[in-house]
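Subject: Structure handover and notes

Dear colleague,

I am handing over the structure we spoke about, and would ask you to read the notes below with the model open beside them.

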Amino acid sequence: MAFVPGQPVTAVVQRIEIQKLQQGEHLILGFSIGGGIDQDPGQNPFSEDKTDKGIYVTRITPGGPADVAGLMMGDKIMQVNGWDMTMVTHDQARKTLTKKKEDVVRLLVTRKSLEDAVKHSKGCYPRK
Amino acid sequence: MDTESTYSGYSYYSGRSRGSHRHGERSRDRHKSRSKDSRSEKSVTINTPPAEPLLGDSAVRGEQVQDDNWGETTTAVTGTSEHSLSQEDIVRITKDLEDSVGLDCRRYFTLTLAVILGLLVFLTPLAFLVLPHLLWPERLQSCGTACEGLFISVAFKLLILLLAVWALFFRPPRAGLPRVFVFRALLAVLVLLFVISYWLFYGVRILDSQDENYQGIVQYAVSLVDALLFIHYLAIVLLELRQLQPCFSVCVTRSTDGETRHYNLGQLSIQRAALAILEHYYCDFSVHNPALLSASKSRAAKHLAGLKVYNVDGPGNNAAAGLAHSQSRAMIAAAARRRDSSHNELYYEEAEHERRVRKRRARLVVAVEEAFTHIKRMQEEEQKKAPGDVMDPREAAQAIFPSMARALQKYLRTTKQQHCHSMESIQQHLAFCITNNMTPKAFLESYLTPGPTLQYSRDHWLARQWTLISEASVTSGLKDGTVFLLKCVDFSLVVTSKKIPYIQMSEEYIDPKSHKFVLRLQSETSV
C-alpha cells in the first residue's frame, strides 16, 4: 500500500456501504479512524509501510453499523462517497465521514488480505 | 657568533658559561655585578655521589643502564658550586670545556655592548641638558618656569624608563640559544641609530652654533626621552606581545617511546619555539626511562638474528648493489612467511608483568599504610607533658622507613624505576609527607606513576645537553609544516608545526519567540 509520488496509486479495494445509525442527535457509524497527513505515521499499528499517512480503521464497535456492513479493523479507507481519503488530514476525514446531510456512506477500503486473495487466484505464487 | 649550534640549557647554579644573548643587549643597568658573580665562577666539583641508589646489590647492577654508584674514585673538591656529578657528566664536561671558551667571549661581548648602549642612552639626555651650561654659560638664557617644569618631566620620564627597562630586560636568563636573538639585535641597532642621529643634530645645530635658547634645548632632551619610551613600547610589543596570540599548533613526540603532546605557540623563531617547547617538556612529559625500552630492543634483535643470508657466489661480484637489494628483499619475504610465535610470547609476557606489578603494588600499599599508622602527630599540650622520645620529621621518617623499604624496593625494581629514586630522596620525601600531614596514598603517588622530569633529581634533567637540529635557519620564523629535532643524549624530540586555520564564523539570529512545538500523535476519532 505504499505510494510512489507522482504515480497513480493502485490497490485492490472492497466497496462497503454503511448505513448511519441515529443515536440521540448524532449519526454514528460505529468505528474509529486514525491516521492522516498531519499525524505521525510511525505509530500506526495497522499499516505495512510506516510512512503511510492514510486513514485506517482502528476500532469497530461490535454490532454497530460498520460491523454489520463488513468493515474490519485495520482497513485503509481510500474513498468516502467519492471523496479521496489517501491525502487528507485527520479532521478532514472525520468531517467527510460525519456529514449530517448524508445517512449513507460508501467506502472503498483496502486490506492486505484482498491483495493476497487476488494474487492467489491469479496463481502468482505457487502453493505447495 | 653563528658558528655553533649547541643549545645549552639554563642551569641556575652552574658556573658554566652560556651563549646567552637574551640578556640585556639593551640593558641599562648598573648593578650587573651581583648577577655576574653567580655566573662567573667556572669551578667544577666532583664529589662521591651522596645518593645511594635503592638497588644496592651488585648482582643486579649489571642490568642497569646507568651506573650511579661508581664512587670509588673521589677527586679533589675545587670551588663551591653546588653541582654534583656522576660519570656521564664527566664526559660531557670535557666536551663543554672545549666549547666554553668560545661561548664565554660571546657572552661577555654582548654584555659589554649592552652596558655601553645602556649607559649611552641613559646619559645622553643628561648630557644634552648639562653641556650648554658647561660650554657657553654666559650666553645662555635663564631657565624660566616652563623650562624648569620640563626638568621635572625629564627626571620622571627617565626614572620610568629605567624601571621599565629593568622590568623587561633585567631578568635572569632562561637559556642559552644558539643564535642571536634577532629582535633584540634589531632593537639595539635601532636605538643606537636613533641616539646617534640625535647626537648629530645636537652637535651640528646646537653645539656648533651655540644656541642660546635653553628652553628649546630642554625640549629637545624631553623629546629624546619620549622617543626612547616609545622605543621601549616597541620592544614590549615585539619581544613579549607578538608571540602571545596562538598561531601554530606544534606536535612534540619523543622518539624513544612515542609520548606525544600538542602545544599552541604564537609567531616565534624556531629557536625560541624550541625553548618554549623544552620548558613545556620539563613540566608535562614523564621522565625518560631507558630501562623500559629494553624489551622491544631484545625482540628486534631476535628478529634480526632469525635469518642469515649468505652470498655463495663469492666476493667481487659486479652487481653487488643489486645483490644486496635482492638479499634484503629475500629476507623480508622469508620473515613474512615463517611462522613466528613472538607475538604470543609478547602477549603472555605482558600479562604476566601486569599481574606481577599489581601484586607488588598491593603489597606496597598495605605496607605503607601500616607504616604510617606507627607514628602520630603530637599535639601542643602533649609536647609539654612528655618530652621523651619525641622525634622531628626526619627521625620519624627514618623510624618508619625500614618497614616499607623492602616492598617499595621490590615495586620499583618491577617497574624499572629504581634508578630514579635513591634511598635518600625517598626518606626526604617521606619526611616531607609526614610534615604536611599527607596520607599514605599521597606519599605513594610519586612512585606509582612516573612524573615529569622536574620532579626527579638534577642528574635526570640533562638541561645542558640539548641540540637543535633544523633544516631551516633557526632564526627564521615558524611556518606551517616546519619540522625540527631537539636532540638530547639518549633520545630526541621530533617537533612538527601546523598552522591554526583561519576561522570564518557567520551568525544566525533566532527569535526567542520562535521556539514552538507540537505533539506528534496518532489521534483516534470515533465516527
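What follows is a description of the chains, their interface, and some salt bridges and surface features.

Please keep in mind that this is a predicted model, in which local features need pLDDT of at least 70 and side-chain atom pairs count only at pLDDT 80 or more, while totals for chains, interfaces and linings use all residues. Residues are numbered from 1 along each chain as its sequence is written, chains are lettered from A and ligands numbered from 1 in the order in which they are written, and side-chain values use heavy atoms, with hydrogens and water left out.

Chain B

Chain B holds 13 helices and 6 strands, where helices (H or I, at least four residues) and strands (E, at least two) are DSSP runs numbered from the N terminus. Of its 527 residues, 36% count as buried, buried meaning under 20% relative accessible area, exposed over 50%, and partly exposed in between, with a 1.4 Å probe and protein chains only. The accessible surface of chain B comes to about 31400 Å², and 59% of this belongs to carbon and sulfur atoms; accessible areas come from the Shrake-Rupley method with a 1.4 Å probe, and for residues only the protein chains shown count as cover. Among contacts (heavy atoms within 4.5 Å) in chain B between residues at least 6 apart in sequence, 79% join residues at least 24 apart.

One residue to look at is Leu224(B), which lies in helix α5 (residues 214-241) of chain B and counts as buried because its relative accessibility is 1%. Not counting residues up to four places away in sequence, Leu224(B) touches Thr124(B), Pro125(B), Phe128(B), Phe194(B) and Tyr198(B). The C-alpha atoms of Leu224(B) and Val121(B) are 9.6 Å apart in space, although 103 residues separate the two in sequence.

Leu159(B) is placed in helix α3 (residues 145-169) of chain B, and with a relative accessible area of 43% it is partly exposed.

The interface

In the interface, 18 residues of chain A are in contact with 8 residues of chain B. The area buried between the two chains is about 1100 Å², of which carbon and sulfur atoms give 45%; buried area here is the accessible area (1.4 Å probe) that two parts lose on being put together, summed over both. Gln39(A), Asp40(A) and Gln43(A) supply 35% of the area that chain A buries against chain B, more than any other three residues.

Across this interface the rule finds 1 salt bridge, that is, a side-chain nitrogen of Lys or Arg within 4 Å of a carboxyl oxygen of Asp or Glu. Glu524(B) and Arg59(A) meet through their side chains in a salt bridge at 3.8 Å, N to O. The elements giving two or more residues to the side of chain A that touches chain B are β4 (31-35), β5 (55-60) and α2 of chain A, and the largest share of that side, 5 residues, comes from β4(A).

Salt bridges within the chains

Over all chains, a search of the whole structure finds 18 salt bridges. In one of them, the side chains of Arg106(A) and Glu17(A) meet at 3.3 Å, N to O. This pair links distant parts of the chain, with Arg106(A) in strand β8 (residues 104-110) and Glu17(A) in strand β1 (residues 14-19) of chain A, 89 residues apart. Arg106(A) is partly exposed at 45% relative accessibility, and Glu17(A) is partly exposed at 43%.

Lys95(A) and Asp91(A) form a salt bridge at 3.7 Å, N to O, and are separated by about one helical turn because they are 4 residues apart in helix α2 (residues 90-97) of chain A. In chain B, the side chains of Glu354(B) and Arg358(B) meet in a salt bridge at 3.7 Å, N to O, and both residues lie in helix α9 (residues 342-372), 4 residues apart, about one turn of the helix. Glu354(B) is partly exposed, with a relative accessible area of 41%, whereas Arg358(B) is exposed, at 54%. Elsewhere, salt bridges that share partners join Arg254(B), Asp257(B), Glu259(B) and Arg261(B) into one network.

With best wishes
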